[in-house]
Amino acid sequence: MLAAVVERPGQLVIKDIPVPEVPKGHFLLKVEAASICNATDNHIVEGIFDGYHDHYPQVLGHEVCGSVCEIGEGVDNVRLGERIALYTPNGAFQEYLLVRADWTLARIPEGMPPEVGAMCEVFDGSYTSLVAPAELTKDDTVLIIGAGPLGLAATGMAALSAKAVLCVDFYQNRLDMAKQFGAKYTYNRSEMSTQQILDAIARDVGEVDVSLMCIALDRSDDLSAFHMAIEATRRDGRMAGLNVEVKLDHHNHRMNPFHMNRKNIKYRHNLERASDGRDFQRAYDAVGQGKVPMEKMITHKVTLDKLPWALDMTHAHLDECIKIIVYPRVEA
């Protein structure tokens, strides 16, 4: 079967590898579509990822949707032909994927295209680790720093519960998309200084109740992303951030803990409670019900042989793309 394999940092090849055998406690997924994680997939290729993907060689990708085509002994939670989406550590950019039956997965709502099913994997971080644990109320105002795919997904789900959602990003295409996902106010960091954004937030809503950091690295010249969020958040407010596993010597975030302490802001990776696997399915169901327009994020669709080009787009041309879908074949 075809697969996109990172042989070592900087070396990505498309080649044939064996279809995996299906042992006890596993099932096999025929991949229908996968999608690029703009941060993690590039970090793996660059060799700066830290943690569970820090090994080579490996099949790249982790956002995937497919249909169950073989079931191993002892597996009773899926059925043949059922369409499944999940995060996988085994690599999404291949024709067949071996899945451990006890992994967190979502069942694809009827009528959902595989492209949308694959990209909805971002809810594993943006919803189950951020929005759902925040337990937002109708009186909450939420600031989201970073309107990439994770930030947009968080925006869409937060907008279903909160009074208002605000988004900050460098790229106008993403801020325009944030409006379609329910953001009431957006602020362009490439056109406004940190203080100008803080002044605008104060004018528009006063202070925010919850700030969510949906960024891997701080791209601002003054490295002020965390300062901006803390300054915008009210006293006794809440903050949380995605834990993007980049090697520590590549992190560039700056945060003054005394600034946070003075305002008595609660900060955790997960806010009020640990994430729940059921939240993952709730997010898929919300998309299936038309409440969050995830399909609007898709800007490009490519086959495996175009993956190097697509990775460059998601790394160096963020003003031209938001989410890229990858099909497990090569162009005819």
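## Helix α7, tucked away

Let's start with helix α7, which is largely enclosed by the rest of the structure because six of its eight residues are buried. Keep in mind as you look around that this is a predicted model. Which residues of α7 are the buried ones? They are Ala225, Phe226, Met228, Ala229, Ile230 and Ala232.

## How α6 sits against α7

One of the neighbours of α7 is helix α6. Helix α6 covers residues 194–204 and helix α7 covers residues 225–232, and their axes come within 10 Å of each other. The crossing angle is roughly 25°. Angles under 35 degrees count as roughly parallel, and α6 and α7 are therefore roughly parallel to each other. If you look at the handedness, α6 goes past α7 in a right-handed crossing.

So who is touching whom? On the α6 side, the contact is made by Thr194, Ile197, Leu198 and Ile201. On the α7 side, His227, Met228, Glu231 and Ala232 take part. Sorted by class, the residues of this contact are five nonpolar, two polar and one charged.

## Another helix pair: α4 and α5

Now move to helix α4 (residues 149–159) and helix α5 (residues 172–180). These two pack at an angle of about 20°, and their axes are 9 Å apart. That angle makes α4 roughly parallel to α5. Here, too, you'll find a right-handed crossing as α4 passes α5.

The α4 side of the contact is made by Pro149, Leu152 and Thr155. Facing them from α5 are Arg174, Met177 and Ala178. By class, this contact of α4 with α5 has four nonpolar residues, one polar and one charged.

## Aromatic rings

Next up, the rings. A pair of aromatic rings is described by how far apart the centres are and by the angle between the planes. How many aromatic pairs does the structure hold? There are four.

One of them joins Tyr52 and Tyr87, with 6.3 Å from centre to centre and 85° between the planes, which is an edge-to-face arrangement. Tyr52 lies in the loop between α1 (40–46) and β4 (58–59), while Tyr87 is in strand β6 (residues 83–87), so the pair ties together parts that are 35 residues apart in sequence. Tyr87 has 22% relative accessibility and so counts as partly exposed. Phe49 joins in as well: ring pairs link Phe49, Tyr52 and Tyr87 into a cluster.

Phe280 and Tyr284 make another edge-to-face pair, at 5.2 Å centre to centre and with 85° between the planes. Because they are four residues apart in helix α9 (residues 277–288), about one helical turn separates them.

## A glycine in the loop

Finally, go back to the loop between α1 and β4, where you'll find Gly51. Gly51 counts as partly exposed, with 40% relative accessibility. How far apart are Gly51 and Val131 in sequence and in space? The two are 80 residues apart in sequence, and their C-alpha atoms are 24 Å apart in space.

Notes
Residues are numbered from 1 along each chain as its sequence is written. This is a predicted model: local features need pLDDT of at least 70, side-chain atom pairs count only at pLDDT 80 or more; totals for chains, interfaces and linings use all residues. Side-chain values use heavy atoms; hydrogens and water are left out. Axes are lines fitted to C-alpha atoms, for helices over the stretch in contact, and angles run from 0 to 180 degrees between N-to-C directions. Angles under 35 degrees count as roughly parallel, over 145 as roughly antiparallel, 65 to 115 as roughly perpendicular and the rest as oblique. A crossing is left-handed if the near helix is turned anticlockwise from the far one by less than a right angle, and right-handed if clockwise. Contact means heavy atoms within 4.5 Å. Ala, Val, Leu, Ile, Met, Phe, Trp, Tyr, Cys and Pro count as nonpolar, Asp, Glu, Lys and Arg as charged, and the others, Gly among them, as polar. Rings of Phe, Tyr and Trp (its six-membered ring) pair if their centres lie within 6.5 Å; planes under 30 degrees apart count as stacked, over 60 as edge-to-face and the rest as tilted. Buried means under 20% relative accessible area, exposed over 50%, partly exposed in between (1.4 Å probe, protein chains only).
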